[in-house]
Amino acid sequence: MLFTAFEFVFLFLPATFLGFMLLRRVGDIAGALWLIAASLFFYAFWNAAYLWLLVPSILVNYALGRALARQTAGTAKKLLLAAGVATNLGVLAWFKYAGFLAANLGLLTGWDLALGTIVLPLGISFITFQKIAYLVDAYRGHARDPSFVRFALFVSFFPQLVAGPIVHHAEIMPQLQPGRWKRATATAAATGLSLFAIGMFKKVVLADGVAPIANLAFGEAAQGLAPAPAAAWAGALAYTLQLYFDFSGYSDMACGLALLFGIRLPGNFYSPYKAASIIDFWRRWHITLSRFLRDYLYIPLGGNRRGAARRYANLLITMTLGGLWHGAGWTFVLWGVFHGSLLLLNHAWRGWTGGRWRLPAPLSIALTFLVVLFGWVLFRAESFAAALLMIEALLGLDGSAAGGTYAPAAPEWLRIATLLAAVWALPNTVQLMRRAFLLSNDTIRRHLAEEGVRPSGLDRIGRRLTWRPTIAWAALAALCFGLGLMPTRPRIEFLYFQF
Amino acid sequence: MRLSAPRYLMLLAMLFPLFWLAASAASYFLAVTKCDGRQGAADAYIAYCQDRAYGDFEHAAFFFGLERVPAALAETKVLFLGNSKLQYAFSRDNVAPFFAERGVPFFVMGFGHGEQSRFPQLVLERHPAQPVLAVINVDPFFTDGITQPAAFPLQHPVAGRIDATFKSLMQRPRAWLCRRDPTLGLCAGEPALMRSRATGQWHVSAFRQGAEPTLPLPPPATVDDDEIDRWFTRALEIAPAFLETLHARCVVLTAVPSAAGDRAARRLANHLGVPFIAPEIDGLATIDGVHLDARSGIAWSDAFLRALDPVGRECGAW
């Protein structure tokens, strides 16, 4: 059941919300149990068999977390953590990487290691990272809440279950404490529904609107045809925009939905295509994943504490594994290595110049965008060969492959230009609706601080756009809903569901 | 003007349906105008359009009981069931007069996309029919398959109903306008298959724009005995439940001429002890190697109806 599906909007969400409102009158536990049941139903709607993975994993991780919280420091505690992390990674490895590993091992050795089709349970990558973070937090003594019901809700809460934001135990559990779980107020509902509407518009109208352009260009490359340079540029730009509006739209919807139930989730995007460097980009793109990789991989590897060489190696390892997390394929690995290398170069450049040599902001933003766009070609292409065909076409190089026939028309360029103008000229949803998000996220806090607290440093247009319960905003949110739920628009899965 | 949160929510709740209805109605009207509406009879609706924005409608119309489907099914005395080959054979000008002479309402309930028995069974469960006589085109019909246009309303009951309702409503104003002036710009478009609300027949002549190509009817393909055995075993499991839902006093099996041949249909008819009617006519031709062309459709369905006449009389259908 997609957030954009009629069944979700007109049946599941109203029923869940009404049930929650009624049961919260009985008590927080009753409300939480209702939300857990609704979340499990939401997850099972795709495939009921997935529950056989989700429910035991909640039970096992809760037991491990409690055991870790009780243990005093020592080898036993370390072993317990290692076992917990290994169990979670083992499940992820089996479902996501076993086929990939077997295929590559088979290629190397010539053995027949085919494992057949292993169906990837929805959201397993996100759920695994969330639980690993919980176990590490429990090991560090940061996850002390003994309530199983609150833990089960923290893991299964449907707005963030399938594709994040990847939340910390410490971000959600305090919000669920007796007396602190905010009542579902009219203000929260107004803000949450408006954010949900904006997210739906971003996904259904903007992202899905440019998806066919990307599909045509990348489709030609996947068939071994060399797209025309104009087609390749249109395709790469369209995918760059599609991915952003798709995933940030999903994240906005998730945060808006959570707010309806009195829970705030962290923001996941902060105008990433306004980034002036690749370091800046990773502080703005999929922020909760970047944070996880930093806190639970980069820093444990040593971070920047053991010299420049070790720091760069750690960066490269972190980003390569980050690439692999997105999908079991060499194009994802290469995408991770590409971004790791760019980060390495960016840090090295800053180190050498001491931050004195800076390009003018428009130029550095354009350059960062261009580099990120080339990265997305690796990310989207179905194979190395297809990625190469796209990159050759982007660079205007003539390869030996037969030419594709797709030629983007003026309305397609207009769509791309409109979305580019939107990402560069308009404020993001965190700026527009700051109260809807959990600002525990230091990245976003820093951005907001840099922009000035009052009213988020936006220019005059930005300040006018900031969300308030006004007639104009009600009309805009209703229009976003209306256009997002137009039945003639196909309901396409969110791109990040495949990861 | 700043509002209180409850007022904001009330305004949102009022404006959303307005915007949604307006945007949806406009987009469906636009989708309808992309389909050829110049040749639709007064009682016909667009069952399928080659433009993707409209696409298939007949499956959802039958499933949700739109376009007079429940009434037509309840009234019919002779019900034809099968796929698009059946529709092409019995959507000809000679068919209605045959039943009119006998004063018997008939309905052709075949579906495109190669639909089999599961979907019509679901339709009949929702909108019961009590035909005296049912004619089933066994091609091979009694299988577990279900097509994507049929699966959509099943899997998405809310989205499917909304989509079908808008398609049903928004083609009416366009049909009204185009009946008055078919030269209007919004009446031309991609080929569209119109379907009669009264008889279920397709207006096949309007679907193909320009001259109809003529291709010889291919000879029956060689089918492996094991394959027929496997189908037959499964068909015997499926058929009883289907026939029970059908509530027909008499059942006739047929096999509209095609490369699929009639071995399977004959064997099932023998086993069930029901009549099998499939006249053999020389020189049949198709429009695409699959569906009978106009001349062949009339010739074959004429022969079929002549053979059906005594069966129908014996059964009490007329």
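Biologist: Is B:Cys35 buried or exposed?

Modeller: The criterion is relative accessible area, where buried means under 20%, exposed over 50% and partly exposed in between (1.4 Å probe, protein chains only). B:Cys35 has a relative accessibility of 0%. Therefore B:Cys35 counts as buried.

Biologist: At which pLDDT do side-chain atom pairs count?

Modeller: Residues are numbered from 1 along each chain as its sequence is written, chains are lettered from A and ligands numbered from 1 in the order in which they are written, and side-chain values use heavy atoms, with hydrogens and water left out. This is a predicted model, in which totals for chains, interfaces and linings use all residues, local features need pLDDT of at least 70, and side-chain atom pairs count only at pLDDT 80 or more.

Biologist: Which residue does a disulfide join to B:Cys35, and how many residues apart are the two?

Modeller: A disulfide is assigned to a pair of cysteine sulfur atoms within 2.5 Å. B:Cys35 meets this condition with B:Cys49, S to S 2.3 Å.

Biologist: Why is the disulfide of B:Cys250 and B:Cys315 right-handed?

Modeller: The sulfur atoms of B:Cys250 and B:Cys315 are 1.9 Å apart and form a disulfide. The link is right-handed because the torsion about the S-S bond is about 105°.

Biologist: What is the torsion about the S-S bond of B:Cys178 and B:Cys187?

Modeller: A disulfide joins B:Cys178 to B:Cys187 with S to S 2.0 Å, and both cysteines are buried. The disulfide is left-handed because its torsion is about -100°.

Biologist: Which pattern do the disulfides of chain B follow?

Modeller: The search of the whole structure finds three disulfides over all chains. With bonded cysteines counted along the chain, those of chain B follow the pattern 1-2, 3-4, 5-6.

Biologist: How far is the sulfur of A:Cys255 from the closest cysteine sulfur?

Modeller: A:Cys255 is buried, with a relative accessible area of 0%. A:Cys480 holds the nearest cysteine sulfur to that of A:Cys255, and A:Cys480 is in no disulfide. The separation is too far for a bond because it is 16 Å.

Biologist: How much area do chain A and chain B bury between them?

Modeller: The contact (heavy atoms within 4.5 Å) takes 28 residues from chain A and 25 residues from chain B. Buried area is the accessible area (1.4 Å probe) that two parts lose on being put together, summed over both. Of this area, 78% is on carbon and sulfur atoms, and the total is about 2300 Å².

Biologist: Which helix gives the most to the side of chain A that touches chain B?

Modeller: Helix H1 (6-26), helix H9 (186-222) and helix H21 (471-484) of chain A each supply at least two residues of that side. The most, ten residues, comes from H21(A).

Methods: Helices (H or I, at least four residues) and strands (E, at least two) are DSSP runs, numbered from the N terminus.
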